[in-house]
Each structure stands twice: as C-alpha cells, then as structure tokens.
Amino acid sequence: MSELSAPRPLEGVTRVLVVGLGASGVAAADALLDAGVAVTMVDDRDDHPAVADLRARGIEVATGVAPVERLDGHDLVVPSPGVPEHAPVLRAAAERGIPVWSEPELGARRHPRRLLAVTGTNGKTSVTELLAAMLATGGLDARPCGNIGTPFTTAAAAAPGDAVLVAELSSFQLRFVERLRPEVGVLLNLAADHLDWHPTMAAYGEAKARLWHAQQPGDWAVVNAADATTRSLASRFAPAGRAAFDGTGAVVGVGVGVAGPALVAATPAFEGPLVRLDELALAAPHHRANVAAAATAALLAGVDPAAVAEAARRFHPGRHRLELVAERGGVRFVDDSKATNVHAAAAALRSAERIVWIAGGLAKGVDLGALGAHLDAVRAAVLIGTAAEELAEVCAAAGVPARIAASIEDAVTSAAALARPGDTVLLAPACASFDQFSGYAQRGERFAAAVRALPPATATTGGTGASR
C-alpha cells in the first residue's frame, strides 16, 4: 500500500459532533467510524429518513434538538455546508476552543490524495467537469468530487493512491479548512452571493481564498485575469506560484489566454497555441473562460497539451446552463436555471438581443439592484418567488414592464404571450430555488415541461446550450 493510499489516523480526535444528516454529514460519519472515532450526529429535523440506518451502524443520533445542546464532550465539530459560520453551535465551539473541520478537510486529513480544486461564485461545476475530462483524456485516474456529486471524503477513501481528486468546493466548505492542500487551486470569480451565510462580502472572499491556505512552494494558485478581486485575493493569501486565465484577452505571465483565433498557453511545460476558438462547442465568452481556466490547471498538473485540447473540443456543457429547450413561432425558450445569483444572471442577459426574462426565487441576502444595469436587452419580465416584489422594483427603475406570476408554469404562459418572433424567453432567476423547488434542476425541468405544454405551434426541440 502506497503512502498516499494508506488512511492516516486522526490524532487527538476521539469523539466528534457531526451537524446535519445530509450527504456530506453521512460521508463524514462514515470516515470517522472507519477511523475508530465515536460519532454523534445532530439535526434540527425530527423526521429524517436516515436516522434508523445511522443508529444501526452505531452512530448516536439526536434529532429535533439544537446542535449546541449536544456540544459537550466532543473534541471536534464537522458541520454540513448549510450550517452558517454564525450558527450558535459553531460560535460555541470557537469559544470553547473546539476545532471545526469541513467534510473535505476531514477527507484530506484521513485520505491524502493528489488534489486539484475549483471554487468561485459561478462556473465551478463546468470547470470541474472539464478539468476532470482533461485529466482522464491524458491518462490519469481523475475522480470528480465535492459539490459535483460524490462527497469529498467518500471519493478520497475509494480512490487508489495514484488517483487525482478534482474537487468542486464551496465557500461553506473552504471556510473550515486548515490542511486541505490542492496542488492547483482555481478561483474563477467572485461576486455577491451567499450573504445570508457569510457576514460580509470580504468574509465571503476570504473563505474562498482558504483554497490556498495550505499550499506550498511548487503548488499553483490560478485566478481570473479579468477579475481584480480574485487577483487581489491571490496576492494576499496564496503562498504558491500564481497563474491566470482569460477567455477574452492574452494572459501576461503564466496561464492560458486568447491570441487571435486560438486559446494559447504559457506554462513552464508548454508554450504555444492550444485549441482554436471555433473548435469549442460554444462561442460564448464565459465558455472560453471556463476552457481557459481548466486548461491552465490541467497543464500545470502535467497533462499533455494534446489531451487538454482534445478534451476541450469534445466538452459539451451540462443541463440548465443556457440550455435551448425549444423554438416555437420564432421564439427561443432558454433554460439557465443554474443562474442562481446576480453575476450569473447578468452574464445570461448578455446572451440574446431581445429577451422576455423570467426571474425570481430566494435572494440569499444579496441586493438585486445591481441587475438594473444589465436589462438593456429585456423587453419585459415575468417574476416569481419571494424576490418577485424586489425584482419588480428593479425592473420599474430600469423602465422594464414586469408582472408577477404565481408559479413557473404561469410565468411561462405569460412570457410566451409577451414574446414576439426573434425574442428569447430566458429563465435566468438570479436567485436560489428553495422557496419553490427542491433545487435549480427541478426549477429548470418544470420550466421545460411548461414550455412543451404550451398550445401547439411550430416547435423545434433544442439541445444543450452554454455553461458557465
């Protein structure tokens, strides 16, 4: 068994409080049980379906109680990502000197692996998928994990010593890391989001920057050359080498950027053209930036340039990312349900010349007023969810006619009636979905179903569109 494949003991850890019974919490509990550690799991829900199975595995489970009530006697807390840093249990842990680790931090300590990690306000999933594809095309055993599907600890435990974890990590997870060390850590962008979780925008940025906290000389911090905030965070917090990517301009220094008709690379192992822009699945600037980010990370990790280029050509973005649902009567219906914040919605609103915009949901503490500067292409808006009234005020200030709909189905019907040939009916909510849906995917599926249920017209079903 290689050094990297052998589980490492969790020294000084004997009894752990895991807060939350979701996938992340269960993965953490599995890793702790495997390490011979006593586990208590708590959740304020008293009807969680996993309770019986967890108790059968020897885990103490307390439901319907405040987690802080069970803190005594534990020497470590592992919170689920949904537990904000200002939660009473985490404040109490800090006051008592009890360490707090996120689930990826636990996985990194228990099962060290080669790690490439991606974070940012937007684009994390697409870049993580693309980076994993580049590594796999180059012959490496790439294991995508984290927010992309498989919990970090589960992937780390299952991966052989020569595998490479490619992790999508959120600010929630990064806030509580100390030793998690990606050899390449990519920060894509930073825009106002999750301010119901983080106390300030500065705290949000510093949580993201903990991606680089444990890096050492020889590791790489990759940032967006066009994003002054990410460049500043790297200069303040990254102890490793720095590289940059750019989907529209040339990169000065190490990284990947644009020169004429191609993405070009300038890295220690390779300099020169990488892939022509017209070979990529999408022409959108954010897609070029995603490819440039993934390519920068892959090249710095030692992937052959030919494999990087081949994966870039083959990659098609995932669902609910500027996905063309249908065309009917000269109107395009586009699902960008993944646009769950202002930054993402603003990018979507630049994707068409005439838009009937469907937006709204849960604003997550973010000021939606910034969207007013991005409504030039919007002819009319149909608004849903708890943020509908606030968005109606934004539209009114920008001179955009708006109406409020009771459901996504009503919104599609209204938008279709407002649309004219040549328009795009665009679902780009700028908000989270949890006030009305189980997640952005369900919101997108309901939108698509409502489009297909519209009265008969000449319709052409579309395929996958752009990703961010």
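Residues are numbered from 1 along each chain as its sequence is written, and side-chain values use heavy atoms, with hydrogens and water left out. Because the model is predicted, local features need pLDDT of at least 70 and side-chain atom pairs count only at pLDDT 80 or more, while totals for chains, interfaces and linings use all residues.

**View 1. Helix α1 against helix α4.** Helix α1 spans residues 23–34 and helix α4 residues 103–110. Helices (H or I, at least four residues) and strands (E, at least two) are DSSP runs, numbered from the N terminus. The two axes lie 10 Å apart, at an angle of about 25 degrees. Axes are lines fitted to C-alpha atoms, for helices over the stretch in contact, and angles run from 0 to 180 degrees between N-to-C directions. α1 and α4 are therefore roughly parallel. Angles under 35 degrees count as roughly parallel, over 145 as roughly antiparallel, 65 to 115 as roughly perpendicular and the rest as oblique. α1 passes α4 in a left-handed crossing; a crossing is left-handed if the near helix is turned anticlockwise from the far one by less than a right angle, and right-handed if clockwise. From α1, the residues S24, A27, A28, A31, L32 and D34 meet E103, L106 and R110 of α4. Contact means heavy atoms within 4.5 Å. The residues of this contact divide into five nonpolar, one polar and three charged. Ala, Val, Leu, Ile, Met, Phe, Trp, Tyr, Cys and Pro count as nonpolar, Asp, Glu, Lys and Arg as charged, and the others, Gly among them, as polar.

**View 2. Helix α5 against helix α11.** Helix α5 (residues 124–137) packs on α11 at an angle of about 130 degrees, with the axes 8 Å apart. That makes α5 oblique to α11. Their crossing is right-handed. α5 contributes L130, A133, M134 and T137, and α11 contributes A307, V308, E310, A311 and A312. Seven residues of the contact of α5 with α11 are nonpolar, one is polar and one is charged.

**View 3. Helix α14 and its surroundings.** Helix α14 (residues 408–418) packs on helix α15 (residues 440–452) at about 45 degrees, with the axes 9 Å apart. The pair is therefore oblique. α14 and α15 make a right-handed crossing. I408, E409 and V412 of α14 meet R446, F447, A450 and V451 of α15. By class, the contact of α14 with α15 has five nonpolar, no polar and two charged residues. Within α14, the residues I408, A411, V412, S414, A415 and A416 are buried. Buried means under 20% relative accessible area, exposed over 50%, partly exposed in between (1.4 Å probe, protein chains only). The cover over the buried residues of α14 includes strands β15 (331–335), β16 (355–360) and β17 (378–384), along with α15.

View 4. In α3 (residues 88–96), V89, L90, A92 and A93 are buried. Seen down the axis of α3, the buried residues fall within an arc of 160 degrees, so they line one face of the helix. The arc is that of the directions from the helix axis to the C-beta atoms. A94 and E95 are exposed on the other side of α3. Strands β1 (15–19) and β4 (76–79) are among the elements covering the buried residues of α3. G97 follows α3 and has a positive phi, near 75 degrees.

View 5. Most residues other than glycine have a negative phi. H320 has a positive phi, near 65 degrees. L322, not a glycine either, has a positive phi of about 50 degrees. H320 lies in the loop between α11 (305–314) and β14 (323–328), and L322 is found in the loop between α11 and β14. H320 counts as buried at 4% relative accessibility. L322 is buried, with a relative accessible area of 9%.

View 6. A225 sits in the loop between β9 (220–224) and α9 (228–237). At 23% relative accessibility, A225 counts as partly exposed. Not counting residues up to four places away in sequence, A225 touches R231, A244, F245 and D246. The C-alpha atoms of A225 and G247 are separated by 9.0 Å. P401 is found in the loop between α13 (388–398) and β18 (402–404). With residues up to four places away in sequence left out, P401 touches R379, A380 and A381.
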